[in-house]
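Visitor: I would like to learn how to read a protein model, one feature at a time. Could you guide me through it?

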Amino acid sequence: MTRLSRTMRGWILGFIAVLVLSLFPVYKVQAAEVCTETAWSSSAVYGGGNIVSYNGHAWKAKWWTQGEVPGTTGQWGVWEDLGDCTPGTPPVDPPVDPPVDPPVDPPLPGDRMYVAYASSWNTSIYDLTTANIPNYITHLNLAFVRPDTTYTQGSYAFDQAVAGLEFVEGATTPNGQRKFTAQQSQDLRNNIASLRARGTKAFLSVGGWSYSQGSQWSGFNAKNIVDLALDLGAAGVDIDWESSGSSCNKGTAAQFSCTKDGEIAGIITSLYNEIHARNANLQISIAGWSTGAYYVKGTPFEEGKVQWGSPFGGTMYRVVKDHGSKINFINLMSYDGGIYYDPREGYESYKAIYNGPINMGMQIAPEGSGGAVLQLNAAPGTVYDADMMNGQNNIATPYYNVETMVNYIKNKGRANDGFMLWQLWKQRVHQPAPSGAANENSAGQYVCRNLPLPGDCNQTIPSLPKL
């Protein structure tokens, strides 16, 4: 009985061993099909060549991307399907671009910006290269996108009829609407990715004067704007709300209001909520009107202590004061106000109600209105902080120069305040600056060297031929 029991036990153990060995190859095949690549994340930023796993497949990014679901971008999209996960899938590289700072986190002290608006009219997507855009330009605002765009994620319909951008490749012409080819769409995205890798972040500038005079803002669609920004690889959205029909009561701070406060507050709030709901890592900036924080009774900026009679005085006051925590930085349009407008006073009016970075704006002459001409240097004996808010309605021409504004921001501003330029390639889409006035290169290089800015201050913006 004992011998039989041992035999039986040996036979049973042997049977088990054979069974395990027979099943072992199946086990190995099943294990090999398990994805070993890093799982795709909607919030991660991926560069060209990065590989992720999703739905049992390995996917390779063709260029910079964030938030685009593998398997949904189509043949011309960012994700290349490498097939079922296998042991031969190449190892995963870390994303080449660091994630964008979360919204409402301002830059670190001393991290100054130089924002340049790139006009899309009479320009090409192939102008957006690192050779044409100096590396001291930290942000490039692509102007302008339609507030009521019908853009849908993954469509890559970057043409004027849908997105609003007027690049020659997708412009509306007398002979019909041009459409981006798949290659052109990819080239635009690649150019934006190359600039970003170099250190220049692209923002979508929404609105502008032409897209603010009708009903476009009443149809503002935050989801479509975020879809467009993600597909282009932008780092943020700039709200350039230039509604001319808002009038303000010029009351005290508690009572101050304008007729279109609800519209601009709704735009900023809906965009902020959409970005946060999707964890999209997009920042928000606004184009602050020159006199947009003026005429509040009982403050140093009430009418008579600063420029008289501006029809736009105070139009940005409530949105900045009440919703400033949703805005990463302000690009102050400190121009087009005429010879009485003092950009230093405009800056102080925003600084009084907003704690984030403010970028002082410069417009290369000729200006759109007002007739002021931006000079490079101050006249001998000019004091950079003289004659401000004295109630004399002084002519501000002596202080409208790059030298005075840089000195003011450097000595009176905050450590992360910077500058903004309107606009790149102005001599291409309009006429060149008058003789002796500041131009794109002299103004930018002065700011770079004297504020100072990171980057090579000797780099230049080429004069591009007209298309």
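**Reading one residue**

Guide: Let us begin with Ile225, which is found in helix 3; helices (DSSP runs of H or I, at least four residues) and strands (runs of E, at least two) are numbered from the N terminus. This is a predicted model, in which local features need pLDDT of at least 70 and side-chain atom pairs count only at pLDDT 80 or more, while totals for chains, interfaces and linings use all residues. Residues are numbered from 1 along each chain as its sequence is written, and side-chain values use heavy atoms, with hydrogens and water left out.

Visitor: Is Ile225 buried or exposed?

Guide: The general idea is a set of cut-offs: buried means under 20% relative accessible area, exposed means over 50%, and partly exposed lies in between, with a 1.4 Å probe and protein chains only. Ile225 has a relative accessible area of 0%, so this residue counts as buried.

Visitor: Which residues does Ile225 touch?

Guide: Contact means heavy atoms within 4.5 Å. Not counting residues up to four places away in sequence, Ile225 touches Val145, Arg146, Pro147, Thr149, Leu204, Val206, Phe220, Val237 and Leu271.

Visitor: How should I read the barrel, and in what order do the strands close?

Guide: Two strands pair if DSSP finds at least two bridges between them. Here eight strands close into a barrel in the order 6-7-10-11-12-13-14-15, and the pairing is parallel. Neighbouring strands of this sheet are turned by 25° against each other on average, direction ignored; for such angles, axes are lines fitted to C-alpha atoms, for helices over the stretch in contact, and the angles run from 0 to 180 degrees between N-to-C directions.

Visitor: How many salt bridges does the structure hold?

Guide: A salt bridge is a side-chain nitrogen of Lys or Arg within 4 Å of a carboxyl oxygen of Asp or Glu, and the structure holds 11 of them. One of them joins Asp227 to Arg278, with the closest N and O atoms 2.6 Å apart. Because Asp227 lies in helix 3 and Arg278 in the loop between helix 4 (261-277) and strand 12, the pair ties together parts that are 51 residues apart in sequence. Asp227 is buried, with a relative accessible area of 0%, whereas Arg278 is partly exposed at 26% relative accessibility. The side chains of Arg278 and Glu274 also meet in a salt bridge (3.0 Å, N to O). Salt bridges that share partners join Lys223, Asp227, Glu274 and Arg278 into one network.

Visitor: Why is helix 6 described as largely enclosed by the rest of the structure?

Guide: The burial cut-offs can be applied along a whole helix. Eight of the nine residues of helix 6 (residues 343-351) are buried, so the helix is largely enclosed by the rest of the structure. The buried residues include Arg344, Glu345 and Tyr347. As a group, the buried residues of helix 6 pack against strand 12, helix 5 (317-323), strand 13 (329-333), strand 14 and helix 7.
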